[in-house]
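Let's take a walk through a protein model, one part at a time. Have the sequence and the 3D view ready.

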Amino acid sequence: MRRQYLWLAFLLWWLSLTVSWASVSRVSILVRLDDPAENAFTLEYTLQGIDSGTLTLAIPTWTPGWYQTMPYHEGIADLRAETERGEPLAIQRVNQYSWQVDTGGAQTVRLRYRVLARDEGMGFFGVAIGAHHAFINGAAAFLYEMDSKQAPHTVRFQLPSGWQVATSMEFVAQSEQRPFGDVRDTFTAPNYDELIDHPIQMGRFEVRDFRARGVPMRVVFAPESGTVLVNMERTVRDLQRIASVGIDLFGSAPFNRYLFIVHLIDRGFAGGLEHLYSTVLNVPNRRETNFNALAAHEYFHAWNVKRIRPKVLGPFDYTQPARTRALWWCEGVTDYYTAVLLLRAGLMGDRDFLQEMAREIQTLENNPARERVSAEEASWKVWEGDGMGYGGLNYYNKGKVVGFLLDVYIRGATGNRRSLDDVMRFLMERYAYPKPGFEEDGILQAINRVVARDVSDLYRRMVASTEPLPYEDILKYAGLRLERQSGESTYFGVTTTVDSIGRIIVQAVESQSPAYLMGLRAGDIVMELDEQPVADVRLEELLSRKRRGEPISITVWRRGRPEVLEGRMGGERRDTIRLVPVETADAEVLRVREGLLRGTTRVGAEGR
């Protein structure tokens, strides 16, 4: 009898640790936009099945995909609560991001509040409203009950006449013929995490549908100016090729539909943010705009980071920074696969691929921060950094280089029988959402499993230390050689990149360098040099024409507005790096190089 009692006590204790007791069983939301000129949405909630005398409501302090604290609470206004009969309920503010509601024993509570549109232009991280467009990034708009994030949610829309809605959420009347729905539908999400992982585009926009390996996909072209200038047909063709090779790499798609929301902007922030079933891409509204690399990066995130993820990246704690040492993998290795997808889709040539890898190596080798900050430290401390790294080390850059080297190493160590693709597929099979994510050593364990040997020393050197990367030891597997040329050059102390839409983005700024002293910071978007507009070329190349001591004026886009910075040039020694194929008759080396460039592995009878 006592043993049975102890077993029952243990069972109840275990359940208390593993079961989330919700205060609310169901949440229904009406999103209303009566007049765009008011620059605010009205959200009306119905919380049902309440079994608690107090509800704690909150707004996230950050958004998945961007590892910086966001002041979303500043956009929440006029919060009111009442019973089903319209009786007002008391609300008390707990802190910046949360409120408590005294339910008075009511089992149904209605909330009403306004969400101010604080994002400029088309919007991105938050909420934006224009004359003929509006956008919601869920973390900036939707409140949640802190004990009820697992409750199912439904969302309906009440928008101006003639407006459309685009979201990747499921909806009640979904069918093979209607995979995306429209403004008349009631949309559903199984929990709060998924609710806010479906960005919502509203307004008047162009739609193009296609299928990739049988999966329905949609591209929404939403222009800030009201007119689409981008070549939509060419864009859709390219996206179809990119989407298809992504599915081929993994063997299947983890989604039953996918949505590209393309904000065609006139100015302001450009970039991309990944979601479970969609992505948002802010790009210039120009006919010649090519954003294939940006789209490929965010699309690959549908596997790597949205489903293959560290444990802390879902389910989420939206009140605290989510720290992991693996962001170099989540972002940097995804950036490596950006080039891989373009190469396999025929949108990038072999020479372009190798040149891009050489540029990334050159950027890393000319950045002194690599001797002070490891890829893991830059990942862990990004919340104190700039959203792309820490201490001057950009984990997109180092992660991309490490991803490239890991791919070559795995192919070389296995006679091209395995590759980094196999690591991705293993992680997908073992950890993909909704399974729990991997532990901090999960990537190393996956590589060990694929290679069938312990690579801890190599992994530690490349990821956890600041030691030089073993380029020569690894690149020889593919018959590649680094060529370095050192020489005197002007010195400014900045590392930039040109993204797929031609923006010059500051990746890193060396401490106490001329760039640092004049106020340039990582994340800045360079708009003008000496009052002349610039684009499509790295800032270092433009500055190479300057002389030591020459004055400089740089206009950057920062926090939603332009800023003019002034300073002078310095001088230093820098390396120029090329990645050169070596002439060889070694069949094994040629097989590895061919596998790298063609995305193939040698799996025959002898390799099984």
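## A pair in the sheet

Which residue in strand 7 stands opposite Glu82? It's Arg110. Keep in mind that you're looking at a predicted model.

Strand 7 covers residues 109–116, and six bridges tie it to strand 4, with the two running antiparallel. Strands in a sheet pair through backbone hydrogen bonds, either parallel or antiparallel.

Now zoom out. These strands belong to an open sheet of seven strands, and the order across it is 4-7-2-1-11-14-13. The pairing is mixed. At the edges you'll find strand 4 (76–83) and strand 13 (170–171), each of which pairs on one side only.

## The nonpolar cores

Next, look inside. The largest nonpolar core has 184 residues. Among the residues with the most contacts inside this core are Phe41, Phe142, Met217 and Trp328. Helix 5 (residues 327–344) gives the core its largest share, 12 residues. Apart from this core lies another one of 20 residues, including Val494 and Met518. In soluble globular proteins, nonpolar side chains tend to be buried together.

## A covered helix

Finally, find helix 4, residues 292–300. How many of its nine residues are buried? Eight of them are, so to speak, tucked away: the helix is mostly covered. The buried ones include Asn292, Leu294, His297, Glu298 and Phe300. Tyr299 is also buried, and Tyr299 is one of the residues with the most contacts inside the largest core.

Terms used
Residues are numbered from 1 along each chain as its sequence is written. This is a predicted model: local features need pLDDT of at least 70, side-chain atom pairs count only at pLDDT 80 or more; totals for chains, interfaces and linings use all residues. Side-chain values use heavy atoms; hydrogens and water are left out. Two strands pair if DSSP finds at least two bridges between them. Helices (H or I, at least four residues) and strands (E, at least two) are DSSP runs, numbered from the N terminus. A nonpolar core is a set of buried Ala, Val, Leu, Ile, Met, Phe, Trp, Tyr and Cys residues joined through side-chain atoms within 4.5 Å. Buried means under 20% relative accessible area, exposed over 50%, partly exposed in between (1.4 Å probe, protein chains only).
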